Structure formats: C-alpha cells, structure tokens
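Let's take a walk through this structure together. Have a look at it first, and then we'll go piece by piece.

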Amino acid sequence: MTHATGGCLCGALRYEVEGSPDWVTICSCRFCQRATGSHQMTEPIFLIDRFRITSGKPRVYTHISGGSGREVYAHFCDACGTKTHLTFDRWPDRLGVYAGTFDDPGWFELSPETAKFIFLDEAPRGTLVPPGYKTYGQHAATADGTPLDPMILSEVRHVGRD
C-alpha cells in the first residue's frame, strides 16, 4: 500500500496518509487562492480514516464556503501558520490535503483519469488548463451532491483569454 508523509514549514505538525488519493481537485476558487497565496490549489482527496496526524496538534479555522454555504475547516500549524489539510461539513468522511505540504508533493498521479479542475470562472487571467481533464466553471456537483457534466477541453485553455 502507498504511504506518504508531510507537514508544515517548521516541522511541528506532521501527518501521513495511506493509499492513493480517491481523486485530485485543482481548485481556483477565491478561498483556495487566498488560502495558498497562489492562483489555485492542488488538493488530493482521501477518506478521512486514511489520514493521521503523527506529531503536533493543528488549530482549525472555520470558513463558510461561498459556493455551498457549508463549513470548511482549514487545519494549520499553530507555530508557523502552514495549512496542511481541509475537512468539510459537506463531506464528513473526506479530507483534502494541501499538496505542497507533502514531503514529496509529486508522489500521487495527476492525470485526466484522476483529477479535475473546478471554479475556473474565478481563475485569474492567464491560468493554463491542460486538455483532456474534466473542467467546471464552479463546483463539480450541485449542493445536494448531484454530479454536473464536465467540459473536457481538446486543447490548452488560457483562462481569461478565450
């Protein structure tokens, strides 16, 4: 079984996950932009029981999602402020990890079969989206969980230019 580890910038908060992500979400919503200080967040999603804190104790910031109106919980290191993972009121059995906090941030597969791009309507001008991936202007599902049909690009899309 696959095993991956990660943690915060100062090393006080450490975690591990078992197995590969169920999927990877690449999100360009304003929350993810602000939470990462970047144009998007790469977030591998796991069943919550496959994640374990191995040292430290995270603090939690509760945010109300502008998209769903539900609570999102950002877990972070009290010492250095690094956000390591998210849990969700909407999906209590799932957990998303800030991919950049893994010791090897490229350990999981990132392909059209395993990943999707969401909230492209909020992506900053110049964001590049590769062909073949499932893409969504906002969420990939309605508030009640009904999946939405994706747009699959046939060529690279430059957000804000087309």
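How many residues lie between β7 and β8 in the hairpin they form, and which glycine in the turn has a positive phi? There are six residues between the two strands, and the glycine is glycine 81, with a phi of about 85°. Before going on, a word on what you are looking at: this is a predicted model, in which local features need pLDDT of at least 70 and side-chain atom pairs count only at pLDDT 80 or more, while totals for chains, interfaces and linings use all residues. Residues are numbered from 1 along each chain as its sequence is written, and side-chain values use heavy atoms, with hydrogens and water left out.

Let's start with the whole chain. It has one helix and 14 strands; helices (H or I, at least four residues) and strands (E, at least two) are DSSP runs, numbered from the N terminus. Along its principal axes the C-alpha trace spans about 45 × 35 × 30 Å. The radius of gyration is 16 Å, which agrees with the value near 15 Å that a compact globule of 162 residues would have. That radius is taken over C-alpha atoms, and the globule rule is 2.2 Å times the number of residues to the power 0.38. Of the 162 residues, 43% are buried, where buried means under 20% relative accessible area, exposed means over 50%, and partly exposed is in between (1.4 Å probe, protein chains only). As for contacts (heavy atoms within 4.5 Å), take those between residues at least 6 apart in sequence: 52% of them join residues at least 24 apart.

Two strands count as paired if DSSP finds at least two bridges between them. In general, strands of a sheet pair through backbone hydrogen bonds, either parallel or antiparallel. Towards β8 (83-88), β7 runs antiparallel and is joined by five bridges, with valine 72 bridged to phenylalanine 88. β7 is mostly covered, since five of its six residues are buried.

Now find the open sheet, where three strands line up in the order β1-β2-β5 with antiparallel pairing. Its edge strands, each pairing on one side only, are β1 (3-7) and β5 (51-55). From one strand to the next the twist averages 25°; axes here are lines fitted to C-alpha atoms, for helices over the stretch in contact, and angles run from 0 to 180 degrees between N-to-C directions. β1 and β2 (14-18) pair over five bridges, and threonine 5 stands opposite glutamate 16. Glycine 7 also belongs to β1 and counts as buried, at 9% relative accessibility. Leaving aside neighbours within four places in sequence, glycine 7 is in contact with Leu13, Arg14, Tyr15, Thr84, Thr101 and Asp103.

What about the inside? A nonpolar core is a set of buried Ala, Val, Leu, Ile, Met, Phe, Trp, Tyr and Cys residues joined through side-chain atoms within 4.5 Å. The largest one has 20 residues, and those with the most contacts inside it include Val17, Phe51 and Val97. Two or more residues come from each of β2, β3 (23-27), β9 (94-97) and β10 (115-118). Val97 touches, among others, Tyr15, Val17, Phe51 and Phe102. Apart from this core lies another, of 15 residues, among them Val72, Leu86, Ile118 and Phe119.

Phe119 is worth a stop. It sits in the loop between β10 and β11 (128-129), and its phi is near 60°, a positive value in a residue other than glycine. Phe119 is buried, with a relative accessible area of 5%. One of the residues in contact with Phe119 is serine 28, found in the loop between β3 and α1 (30-36). Serine 28 is buried as well, with a relative accessible area of 0%. Its other contacts include Gln33, His39, Leu120 and Glu122.
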